[in-house]
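Biologist: I have not looked at this one before. Can you take me through it?
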Amino acid sequence: MTSTPRSVIIVGGSLAGLMHGVYFKRHGSDVVILEQDPSELRSSHQAGIAFGPAVEEFLRKYDHTGVQSRSPPIATRLAYRKRKDIKRLSIVRHETSWGLLYRVLRANFDGLASDAVPNPPPVRDGDGRAQYLAGRRVTGLEHNRGDQVVSVRFVDQDGKEGSLTADLVIGADGGNSTVRTLLQAPTIRGYSGYVAWRGTVPEKDVSPETARYFADFSTLTLLGDTYFVCYPIPPDTPTFSPGTRLINWVWYWNLAESSSEMADILMDTAGRVHGTTVPAGLVRPEAWKRQLARTVSRVTAPLAELLSATPPSAVFVTKVNDALCEASPVFCDGKVLLVGDAFAHFRPHLTMATEQAAWHCLGLEKVRQGEMEMDQWAKEARVYAKRMHLASNLVGVFGVGRWWELLKTVCQYVVFMVRLNLRKG
Ligand SMILES: Cc1cc2nc3c(=O)[nH]c(=O)nc-3n(C[C@H](O)[C@H](O)[C@H](O)COP(=O)(O)OP(=O)(O)OC[C@H]3O[C@@H](n4cnc5c(N)ncnc54)[C@H](O)[C@@H]3O)c2cc1C
């Protein structure tokens, strides 16, 4: 792929899809994004996205909005049970929200104006055409050996079918990727054994002491068998000053997949049972109340206040799953690629998902510039995915006290790294 494809179809219009869309459009390709969600200005899940070096580099090169999209650096602090500050770690992170990053990327991709980016950057000489087609669910993919193009079939909201062809198709359709399934790519998938309860509270809705406690830190509160991560994030607009942000919390909780409690929490206010996530607004208040009552007396005063201040309508719960494609991300003679969560969907503990998406995109830039072969990109993407998969699992199982799994994952990680180093040597 050292030359730029004339036409690109991207399946999935979230962060990985948009980053690749911006990248190919800026290099002159005509890009169509097909996104199943019908809304244009999609709402955030209101949880934080960590900003790593690849996201930063991507935005430095391709973001022309001039909008600040990440927080100033925040440090990491450990709390243990009721002890508020047992250790400071040398991990410094920048945070943003999905909604803000989505708006910045949309402004760069197809000039969508929003409250976050009221004046999107104009199209530049050399840009390709960019179209974001919402409400299109991809259902089929066709490429015969020797074909110059790939066909993609989709269905719109009225059930009308359509198809498009392109020189390159990118599957950026997340952890349950349809493209990955259509390609029959071998994938390890599974439930981690724990769920994540999540929520946000405006800083102004907690006491000044609690707001100050959470203000400049990512705070990890360990209890031995469960753990919490809390940090400030902007809303869907570039607002980073204290008092205007949201305090985001994530609470990992062991729960057997086949338990009656799992069935109970996955049932929403209308009695519908969800497969993975009960979205905010649909969690049954009694399920949240029971969860809260279990732990609130065991945690620090600021965390207890934060959890109690979260309105049940702002709480959501999701099963923590992972999916790791075991094949190369390159298919159909290089005409179909898998990127982002569609290739490897990590558990959220290291907050590396968006970073991986940016890393995939910057790797393709190197291929285009002739600094790397496509095979090399694919190999490195597989190593990156496997390493992050194991490292995320390590942090997760440590946090929720699954000691046997921790031991097993440490061994897997060590074996993987030794093999990797032997191959390099
Ligand atoms: C609305 C939304 C909000 C999110 N908020 C957060 C957050 O606050 N914090 C966080 O850590 N992570 C969040 N995530 C997940 C986060 O974006 C990803 O884990 C990470 O950025 C990698 O993104 P991705 O684009 O690879 O996958 P995803 O973000 O999962 O995006 C996949 C996209 O593909 C679309 N799609 C799936 N199947 C099809 C199909 N057949 N046809 C067409 N489109 C399809 C989905 O609707 C989705 O937009 C959010 C994802 C979404 C979609």
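Modeller: We can go through the domains, the contact between them, the ligand and the salt bridges. Keep in mind that this is a predicted model.

Biologist: Which domains is the protein chain divided into?

Modeller: Domain 1 takes in 7–42 + 49–66 + 98–188 + 323–399, and domain 2 is 191–320. Their centres, taken over C-alpha atoms, are 29 Å apart.

Biologist: And how many residues does the contact take from domain 1 and from domain 2?

Modeller: The contact has 12 residues from domain 1 and 14 residues from domain 2. The area buried between the two domains is about 1,100 Å², and carbon and sulfur atoms give 58% of that area.

Biologist: Which three residues supply more than any others of the area that domain 1 buries?

Modeller: Those are L100, H349 and G399, which supply 42% of the area that domain 1 buries against domain 2.

Biologist: What about charges? How many salt bridges are there between domain 1 and domain 2?

Modeller: The count there is 1 salt bridge. The side chains of R103 and D236 form a salt bridge at 3.7 Å, N to O. As a general point, side chains of opposite charge can pair when their charged atoms come close. Between the domains there are also 3 residue pairs in polar contact, both residues at pLDDT 80 or more.

Biologist: Switching to the ligand. Which residues around it come nearest?

Modeller: There are 26 residues around the ligand, and S14, E35, A47, D341 and T354 come nearest. E35 has a polar side-chain atom 2.6 Å from an oxygen atom of the ligand. For D341, an N or O atom in the side chain is 2.8 Å from a ligand oxygen atom.

Biologist: How far is R42 from an oxygen atom of the ligand?

Modeller: A polar side-chain atom of R42 lies 3.0 Å from a ligand oxygen atom.

Biologist: Back to salt bridges. What does the count come to?

Modeller: The count comes to 27 salt bridges. One of them joins R70 and E56, with the closest N and O atoms 2.4 Å apart.

Biologist: Where do R70 and E56 sit?

Modeller: R70 is in the loop between helix 2 (53–62) and strand 4 (74–80), while E56 is in helix 2. The two residues are 14 residues apart.

Key: Residues numbered from 1 in each chain as written. Predicted model: local features only at pLDDT ≥ 70, side-chain atom pairs only at ≥ 80, totals over all residues. Heavy atoms only, no water. Domains from an automatic or database assignment. Contact = heavy atoms within 4.5 Å. Buried area = accessible area lost by both parts, 1.4 Å probe. Salt bridge = Lys/Arg side-chain N within 4 Å of Asp/Glu carboxyl O. Polar contact = N/O pair within 3.5 Å; in protein donor to acceptor, adjacent residues only side chain to side chain. Near = heavy atom within 4 Å. Helix = DSSP H or I, 4+ residues; strand = E, 2+ residues; numbered from the N terminus.
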